[in-house]
Amino acid sequence: MSDKSADNKSASSLRRQKRQIYLEGHKRKFLVVVDETPECESALAFAASRAQRTKGQLALLYVIEPEAGAMHWLGVEDVAREEGQNKAKAVFRLFGRKLRAMGFEELVPEEIVREGTKSEEITTLIEEDPDIGVLVLGASKDPSGPGPLVSSLAGGRLAGMFPTPITVVPGHLSTEEILALA
């Protein structure tokens, strides 16, 4: 497939669908992609605060990424999938504790697990769920760059066509500073 047809496919797959967040029975969701990176906690704090202040919902997405080359052995794929599901549950428990420690005891996040590449699963989920109103990403403090998700989604070629606003939380801010800003 040529780069031009790949770009057209990407553009057509990001066709905007009307968000449902303000209709009766709907709540605006703040989507956070959770993993073990330090910047994830910054995104969680900002999104939780915005969700609580605006009477919205917090949605946490964990993506199980396939291991390259390991899936050709019989049964390995099933074991990897089960390990990924267990890891997702552990990450959700960890972030539930972090939410409570930040003072968000009443906020019950929606927990979503997907399999695939992060950027593709994020855009697919946003296409499928019209209640997602904002994607919240944490930027890394690392001087080499903000991190792969921020670079590919907020700074990449799809940024101008992304179906929802993307909020990027600077990695150098403390939790208290983030909560004061949100």
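The expected span of a helix is taken as 1.5 Å times one less than its number of residues. Helices (H or I, at least four residues) and strands (E, at least two) are DSSP runs, numbered from the N terminus. The structure is a predicted model, in which local features need pLDDT of at least 70 and side-chain atom pairs count only at pLDDT 80 or more, while totals for chains, interfaces and linings use all residues. Residues are numbered from 1 along each chain as its sequence is written, and side-chain values use heavy atoms, with hydrogens and water left out.

For helix α2 (residues 39–53), the 15 residues should span 21 Å at 1.5 Å a residue, and the end C-alpha atoms are 22 Å apart, which agrees. For helix α3 (residues 76–101), the 26 residues should span 38 Å, and the computed distance between the end C-alpha atoms is 37 Å, again in agreement.

The strands form an open sheet of 5 with the order β3-β2-β1-β4-β5 and parallel pairing, where two strands pair if DSSP finds at least two bridges between them. Because β3 and β5 stand at the edges, each with a single partner strand, one side of each is left without a neighbour in the sheet. From one strand to the next the twist averages 25 degrees; axes are lines fitted to C-alpha atoms, for helices over the stretch in contact, and angles run from 0 to 180 degrees between N-to-C directions.

Strand β1 (residues 29–33) pairs in the parallel sense with β2 (residues 57–64) over 5 bridges, Val-32 having Leu-60 as its bridge partner in β2. With β4 (residues 132–138), β1 pairs in the parallel sense over 4 bridges. In β4, Ile-132 is the bridge partner of Lys-29, and Val-134 stands opposite Phe-30. Buried denotes under 20% relative accessible area, exposed over 50%, and partly exposed the range in between (1.4 Å probe, protein chains only). In β1, 5 of the 5 residues are buried, so the strand is largely enclosed by the rest of the structure. Lys-29, Leu-31 and Val-33 point one way from β1, and Phe-30 and Val-32 point the other way.

β1, α2 and β2 make a right-handed β-α-β unit; a crossover is right-handed if, with the strands pointing away from the viewer, the path from the first strand over the helix to the second runs clockwise. Helix α2 lies across β1, β2, β4 and β5 and runs at about 170 degrees to β1. Since 11 of its 15 residues are buried, α2 is largely enclosed by the rest of the structure. The buried residues of α2 pack against β1, β2, α3, β4, β5 (166–169) and α6 (175–181), contact meaning heavy atoms within 4.5 Å. One of the residues of α2 is Ser-49, which is buried with a relative accessible area of 3%. Not counting residues up to four places away in sequence, Ser-49 touches Phe-104, Leu-179 and Ala-182.

Helix α3 lies across β2 and β3 and runs at about 150 degrees to β2. Its buried residues are Ala-80, Gly-84, Ala-88, Val-91, Phe-92, Phe-95, Gly-96 and Leu-99. What covers these buried residues includes α2, β2 and β3 (110–115).
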